[in-house]
Amino acid sequence: MKVLVIGASGFLGKKIMRVLSADFELYGTAHSQKSNELYILDITNKDRVIGLLEKLKPGIVIHTAGITNVDKCETGKKEAFEANVEGTKNIVDACKRIKAKLVYASTDYIFDGEKSNYKEDDKANPINNYGKSKYDGEIIVKKGLDDYIITRSSVLYGYNDENDKNTFAKWVINSLKEGKKINLVTDQTVSSTLIDDIAEGIKILIKKNKKGTFHLAGSEAASRYEIAKRIAKVFDLDKSLLNPIKTDKLKQIAKRPKNSSLDSSKAEKEGIVMSTIEEGLKKMKSQMSS
Ligand SMILES: NC(=O)c1ccc[n+]([C@@H]2O[C@H](COP(=O)([O-])OP(=O)(O)OC[C@H]3O[C@@H](n4cnc5c(N)ncnc54)[C@H](OP(=O)(O)O)[C@@H]3O)[C@@H](O)[C@H]2O)c1
């Protein structure tokens, strides 16, 4: 089976390429990053999207591309909606033409965070542009296709290589290694997710030919401050450099949900294992040192 990963140069896309490589005939796309192995594709260019999908004719398309920086989506609303909404529409239209299944990577930020432990059918109510653009993408996928999987995850961490983008975990590790004191919020709770678990989860869902929405998120809900404390423990770093603060002190550009933790029990019933924070960090650490 041919699988095309759109956004294969990204943090999650790269891991999906690695995890799926043994079982599928894999193709991937990058946008701005140079690569000899990946096709270059701008998902906002409809003709190019259709052209590539018609040329490769994958049975499954995994869409992890878009603008993922939450504050950038607030200041650059037009670009965020072009990439995350129009881009997704172009992919959906192309999948419809070639009758491909679509896997769309979405986020906990489609929820407002006033509840917690969200299930797949809970009401979405995004409170920032990133969340709105991702939720609009979800609606386009659901309306446009019968054969789709939407996955929702939260604050991704893990390791591909030294070129990985500056994720929350990488920022904490590097700051503590450099002896820098950093501020961490105690009032934003998330189900931080190991990228390996999402990739394995997607592999299981597509092998079982599942359809619908699945939360693929870390099995533990914790605040950013709590997560940073676990990072310090697993990586043997100085936790006294972690300074707990409240969100309103941070002056972040985009609003953040207070508690957007996700319940992944639907996926777990399919045999998908979502790590605890400590398990995930230990896997990440062993990959970094091997
Ligand atoms: N990061 C998180 O904490 C998080 C949490 C929940 C859900 N998610 C979702 O998971 C998915 C993957 O996130 P990530 O953190 O792995 O993303 P990422 O590292 O920021 O990668 C984004 C990917 O999208 C590509 N891209 C950007 N604009 C594009 C365009 N106009 N046309 C085609 N490709 C474009 C990038 O290509 P180049 O790099 O080559 O330009 C890159 O491959 C996203 O859908 C995101 O919404 C992420």
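**Helix packing, sheet and ligand shell in a predicted model**

By class, the contact of H4 with H5 has 7 nonpolar, 6 polar and 5 charged residues; here Ala, Val, Leu, Ile, Met, Phe, Trp, Tyr, Cys and Pro count as nonpolar, Asp, Glu, Lys and Arg as charged, and the others, Gly among them, as polar.

Residues are numbered from 1 along each chain as its sequence is written. The helices (H or I, at least four residues) and strands (E, at least two) are DSSP runs numbered from the N terminus.

How do the axes of H4 and H5 cross, and at roughly what angle? They come within 9 Å and cross at roughly 15 degrees, the axes being lines fitted to C-alpha atoms, for helices over the stretch in contact, with angles from 0 to 180 degrees between N-to-C directions. H4 and H5 are therefore roughly parallel to each other, given that angles under 35 degrees count as roughly parallel, over 145 as roughly antiparallel, 65 to 115 as roughly perpendicular and the rest as oblique. H4 passes H5 in a right-handed crossing, a crossing being right-handed if the near helix is turned clockwise from the far one by less than a right angle, and left-handed if anticlockwise.

Turning to the sheet, we have an open sheet of 7 strands in the order E3-E2-E1-E4-E5-E6-E11, with parallel pairing, where two strands pair if DSSP finds at least two bridges between them. At its edges are strand E3 (39-40) and strand E11 (212-215), each of which pairs on one side only. Helix H5 (residues 129-144) packs on the sheet, touching E5 and strand E6 (148-153), and the direction of H5 makes about 155 degrees with that of E5. Elsewhere in the sheet, strand E1 (residues 2-6) and strand E4 (residues 60-63) run parallel and are joined by 4 bridges, and Val3 has Ile60 in E4 as its bridge partner.

H1 passes H7 in a right-handed crossing. Phe11, Leu12, Lys15, Ile16, Val19 and Leu20 in H1 meet Ile195, Asp196, Ile198, Ala199, Glu200, Ile202 and Lys203 in H7, and this contact has 9 nonpolar, no polar and 4 charged residues.

Finally, the ligand: which residues come nearest to it? Of the 29 residues around the ligand, these are Gly10, Phe11, Leu12, His31 and Ser32, with a residue counted as near if its C-beta atom, placed from the backbone, lies within 6 Å. Helix H1 (11-20), helix H4 (77-98) and strand E5 (101-107) each supply at least two residues of this shell, and the largest share, 3 residues, comes from H1. By class, the shell divides into 11 nonpolar, 15 polar and 3 charged residues.

Note on methods: This is a predicted model: local features need pLDDT of at least 70, side-chain atom pairs count only at pLDDT 80 or more; totals for chains, interfaces and linings use all residues. Two residues are in contact if their C-beta atoms, placed from the backbone, lie within 7 Å.
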